[in-house]
Amino acid sequence: MSHPIYIVLIPLIPLVCFLVLGIFGRKYFTNSAGIFGTLGLLTSTLFSLSTAYEYFFVSGKLNGVFQKIEVLKFTWLEFSPGVSIDLGILIDPITVMMLVVVSFVSLMVHLFSLGYMKGETRFATYYAFLGLFTFSMLGLVLSSNIFQIYLFWELVGVSSFLLIGFYFEKPSAVAASKKAFIVTRFADLGFLIGILVLSFYSHTLDFGVLIERLTTAGSPYLNTINAASFLGVSALTWGLLLVFMGGAGKSAMFPLHIWLPDAMEGPTPVSALIHAATMVVAGVFLVARLFPVFALSDPAALQVVMYTGAFSAFFAAVIACTQTDIKRVLAYSTMSQIGYMMFALGVSKYNGEEGLGYMGSMFHLFTHAFFKSLLFLGAGAVIHMVHSNEMKDMGGLRKLMPITHISFLIACLAIAGIPPFSGFFSKEEILMASFESNKLIYAVALLTSGLTAFYMFRLYYSIFWSKPTDSHHGHHGEGTLTMKIPLVLLAVLAIVAGFVPISSWITADGNAIHSSIPITFSILPVSLAVIGILLATRLFKTENELPQRIAIQMGGLYKAASRKFYIDEVYLFITKKVLFNLIGKPAAWFDKNIVDGFMNLLAKLTAGLSELIKGYQSGKVQDYALYFFGGITGLIIAFIYLWK
Amino acid sequence: MLNEYLQVLKSEWLLIAIIFILLFIKVGSKEWKNETLLYSINFLLLLNLIAGYFYNLPGSLFNGMYFSNDLIFLQKNILNLGMYLVSLIAYPWLKEHKHLLEFYILILSTLLGMFFMISSGNMLIFYLGLELSTIPLAALANFDLEKRKSSEAAFKMIISSAFSSALMLLGISFLYGVTGTLFFSELATLIHGGPMEIFVFILILGGFSFKMSVVPFHLWTADVYEGAPVAVTAYLSVISKSAILFIFMTVMFTVFRNLEPQWYFMIFLLSVLTILIGNLFAIRQNNMKRFLAFSSIAQVGFVLLGLSGVSKIGMTSVIYFLLIYLFSNLAAFGVVALVSATTGKENIDDFKGFYKTNPFLSWVLAIALFSLAGVPPTAGFFGKFFLIMSGAERGNYVWIIFAALNMIISFYYYLRVVKAIFMDQNETPIKTIMVPALPKLAMAICLLGIICTGFLSWIYDAIFNLCNF
C-alpha cells in the first residue's frame, strides 16, 4: 500500500471532529456542528473508498491471493522481553470492507441526523459523540493486534453508552444505557480473559503471528495450548470461547442479547449506526478475524459459534413477530440476522470452496448493513412524523411519506430475500453453505427466513397500510432533504449491493470462490419468503378486517366450507395461537423472566450478601480487635489444614 | 563520608529542613496570614518534589541498616508527588484552619517515617519508621477539632494500630529468637520454612495487613476514613498505603523469599477476601469518604494479585498501578475535599445533579472514578490489566476470573456515583463552587496523570528498568 497516511486519516478525522466539537462545539458550533461532522465523515468515506479501490484492484493481490498487509506498526509497551503491545494497522479484505461499510453508514447517519436532531439543545454534543463512536469503530476494524482491538472495543462500548443515554432526562434511556454497558462489560470480561489465555500460550498479541502460531500443525505453541486443560476442556477452546463470549455480548447473541431491545431508547439514527451496521457486527468481525484459528485448530469452538448463532437467529425471529414497538421489531430482527452471520461462520471451513460460509457471512454483513440501516432510518423518519414508536399509532402513511414508503419496501424485500434485492444473494450463500454442512442448521435457517419475511411485512403493512391514508392530520411533511437523501442512497445500495463480487474478494483463505448456486436451490427459500409475505399481506394489510371475519366464523368452524377460509383459519391458528401464544409468548416470557431474571438474581444476590455482612462493621473497636485476632488465627488454621 | 551521608539521605534531609523551617515560623513571634503560609509551604513542597530527581546517590549507611537505590528514590519521588498533591487539595480546608503549621509538621513527620521505612535494611529501622509514620497520623485524624467523629476516628486508629504493632513486634522478636539477626539480607538466607518461621511470618503479615487494610484486618479503615478530615483521608488511603505496599513488597521479595510457596497461598486467600468484602461493602455506602475507603480496600486486593507473580513484572506492575492509583484517587478526593470544605456535604445523594452546577468538578470526579473502576482508555485500566497479567503468569485461573468478575461488580458502584452526578435530578443541588487555583492545579495534574500514564509507554519502561529483581 503506497499511502499509509491515507488509512491513518480515516479514523483520525472523526476523532478530530469529536475533539473539536466536544471542546468548542457548544460555544462556536451550535448550529454548524452537523455540517462540520458530516463534512469530516465525507472525507473519511472518500478515503475509505479509495483505499478499497486500491486494495481490491491495485495492490492487494499477490499471486492471485489477497494479502494481509501491515501498513503501520510500532511497539508501544514492552511488557516483557518477547511480549510487547504494538499499535498497528492491518489491511485485509474484511478490514477494507468494514471500513467502507462503517464510514459510509456513519456518513448516512450524520446526514440524516441533520434534519432529525435539528433543534436539540445538545446538537453539537450529539455530533461529537457520533464522531467518537465512528473513530472507535474504525479503529477497531483497523487493529492489527488483539490488545489494540480490545481497547477500541471498550471505547466503542463507552461511546455507545453515551449515545444510547443521550436523552439522559429520560429514566428509561438512562437505565437502558446502563444495562447495555454492564451486560457488554460482562461479556468483555470473558473477552479479556480469552485474550490473556491466547496470548499467554502463543506469546504474542499480534493477529498475524498469533494465527500462524496457533494454526501451524505441530507448532510448539499449538501443542502446549492443546495440552493444557481446565475442567476437561483444552486451553485453546477456552480461549476461543471466551473471546467469542466478548463477541456474543457486542453482537447480542443469546443469552447476552438482553441489552439490545432496551438500547432502542437512544435516538433512532444512533440505532441505525450502532445497532444495524457497526457495533453489533463487531462480534462477527472478531470471530472472522480469528477464523483461521477456529476453523483449523478448534472445530469444537466453531460448533458452539454455529449453534449459538442458529438459535439466536430463530429465537429472535419468533420474538420479533410479537413486538408492537417498531424499533424493537427491528432490534430483534438485527439479532436474528446477526445470528445468521454467526452460524454461517460456524458451518464454514477454511480452504477453498468449503469456505463458502465465511464468504456468505461477510457478504451478508455487507448487504445487511445497508438495508438494516435503511430500515432504522426509515423507522426514524416515521417516528419523527407520528411521534410514537407503537404500531397502533401508525398506519396509512404511504401517501404522506412516499419516499420513506418506497425505500422501506425495498429494504423489506431485501431482508426477506426476494431476488434481485441484495439480501437474496447473501442469504442464498449462507443457506447453501449450511445445506452442505449441517441439515439441521439449514432447516432452522429456512424457517427463520420465512419468519423474517412475515414479520418484516407485518411491520411494513402496519406502518404504511392498515389504516386509511387520511388518518393523520396536521403533519409536517416527510422531513428535510437531508433526511431523504440517505434513504434514497441506501435504497439504491439495498438493491445493487448483491451484485458486488464479494465471492472473489473476501474469502477465508484469500482465494476466490467460483461456486454458483443452482437456480433450483433458490426455489424453496424464495417461496417460503413469498408465503411469509402473503400471509402478512392477508393479516395486516387492512386493519383488523380478517381477524374479525375469523372471529365471526369461529362458532361455525365445522361449517366453514370455503377452503380459503379454512386456510386462513390455519394460518391464523398457526400464527396467533401457536406462534404467538405457544412459542412467542413463552419465548418472550423466558427472555424477560429467566434470562433477564438471572442477571437480576445476580444483582440481588450481591446486594443480599452485602446486607448480610453489614453487621460485622459494628463501629466498636473491641470487635475490630476480635476480628483482627480472629484473622491471625484463621490464617494459621487455614495454613495448617488447607495447605498440604 | 559526610558527603555520602548528605546525598544518600537527601530526601530525608530535605523533609527535616522543611519541618524545622515550619517549626521556627511557629515559635517565631510574627503572625502570618494563612494564605501566605499555604502558598509558601506548597512552594517548598514543590521544590522538594523537584529536588527528588537530582543528585540521587544509591548507597547503604549505618552498617546496612539503611540503604537506598534508584528504585527507592523513585518510590520516594512518587510519595513526594502524592504529598504535594494532598497539600494542594487541602488548601480550601486549611485556609480557615487555626493550626495549619502543626498540620504540616505532623504530616511531614509521617512522610519522613515512611522514607525511613522503605529505605530500611533492618527490622528495627523498619519498625521505627512504621511507628513514626503512624502515630502522628492519629493526631491528624483528629484535626477537625470540633467534630466528634474526628476524635472518634483518631481514637480508633491509635487503639487499632496498637494491636497491630504489638503483634508485629511479637513477630519481630520471635524472628530474632529464631534466626539471631534482624538484617533483611541475612534473614533471607536463614529462613527456610520451619513452623516457627511460618508463625512469625503470619504475625508480621497480620501487622502489614492491618496497615494495608486487607480483610479481615480492615475494620478500622471505614470509621477512620469517614471521621478524619478529607485531606487526611486522602493521605491515608493513598500515600500511607503506597508506602506500606512498597516496603511490603521488599519484605516479601527479600526476607520471606524462601517462604514463597507458603505465602502465595495466604496472599491468595487474603486477596480474594479483600476484593470481595471491599466490593460488597462499597456497594452499600452512602458517604463519599466511606465509599472511597471501601473501594480502596478492594484495590489493595488487586495489588496483592499483581504482587503474587513474584517477578520483575509483578514488581513493575505494582509500582505502576500505585502511581496511577495515586492520580485517580487524589483526583476523586480533591473534588470531595473541595465540596466538603465549602458546603460540608459528603453524601453521594448530595452529589445528585452536581453536573448542572459544577460541570468541571463533575468531569474530574467522573474520570477519576472511571479510572478507579478500570475503564479503558483511562490509566486505571492499564494498571489493573498489568496486575492481572502479572498474576496470570502463575496460572491461577480461579484467582484471575474472580478478580475480573469483581471488576464488574465494582463497575456497578462506581457507575452509581457517576449516575448520581450526571443523571439524577435534585431540587437543591450543591451550589456552584469556585475552584481555587491550588486545588485546580492538583486536579489538572491528576487528570493529566490519569489520561497520559497509560499511553506514555516510557513510564512503564522506566519503572521496569529500575526494578532490580
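A: One term to begin with: two residues are in contact if their C-beta atoms, placed from the backbone, lie within 7 Å. This is a predicted model, where local features need pLDDT of at least 70, side-chain atom pairs count only at pLDDT 80 or more, and totals for chains, interfaces and linings use all residues. Residues are numbered from 1 along each chain as its sequence is written, while chains are lettered from A and ligands numbered from 1 in the order in which they are written.

Q: OK, Ser333(A). Which residues is Ser333(A) in contact with, leaving aside neighbours within four places in sequence?
A: Ala320(A), Thr452(A) and Met456(A), once those neighbours are left aside.

Q: And which helix is Ser333(A) in?
A: Helix H15 of chain A, residues 326-347. Helices here are DSSP runs (H or I, at least four residues), as are strands (E, at least two), numbered from the N terminus.

Q: Is Ser333(A) buried or exposed?
A: Buried, because 25 other C-beta atoms lie within 10 Å of Ser333(A). The cut-offs: buried is 20 or more other C-beta atoms within 10 Å, exposed is 12 or fewer, and partly exposed is in between, with C-beta atoms placed from the backbone.

Q: Switching topic: how do H18(A) and H19(A) cross?
A: The axes of H18(A) (422-437) and H19(A) (439-464) come within 8 Å and cross at roughly 150°. Axes are lines fitted to C-alpha atoms, for helices over the stretch in contact, with angles from 0 to 180 degrees between N-to-C directions.

Q: So what does that make H18(A) and H19(A) to each other?
A: Roughly antiparallel. That label goes to angles over 145 degrees; under 35 is roughly parallel, 65 to 115 roughly perpendicular and the rest oblique.

Q: Which residues of H18(A) and H19(A) make the contact?
A: From H18(A), Lys427(A), Ile430(A), Leu431(A), Ser434(A) and Phe435(A); from H19(A), Ile441(A), Tyr442(A), Ala445(A), Leu446(A) and Ser449(A). By class, that's seven nonpolar, two polar and one charged. Nonpolar means Ala, Val, Leu, Ile, Met, Phe, Trp, Tyr, Cys and Pro, charged means Asp, Glu, Lys and Arg, and the others, Gly among them, are polar.

Q: Now chain B. How many residues of chain B are in contact with chain A?
A: 47 residues of chain B, against 41 of chain A. H18(B) gives the most to chain B's side, with 13 residues. That side has 38 nonpolar, four polar and five charged residues.

Q: And how many helices and strands in chain B?
A: 20 helices and two strands. Buried residues make up 59% of its 469 residues.
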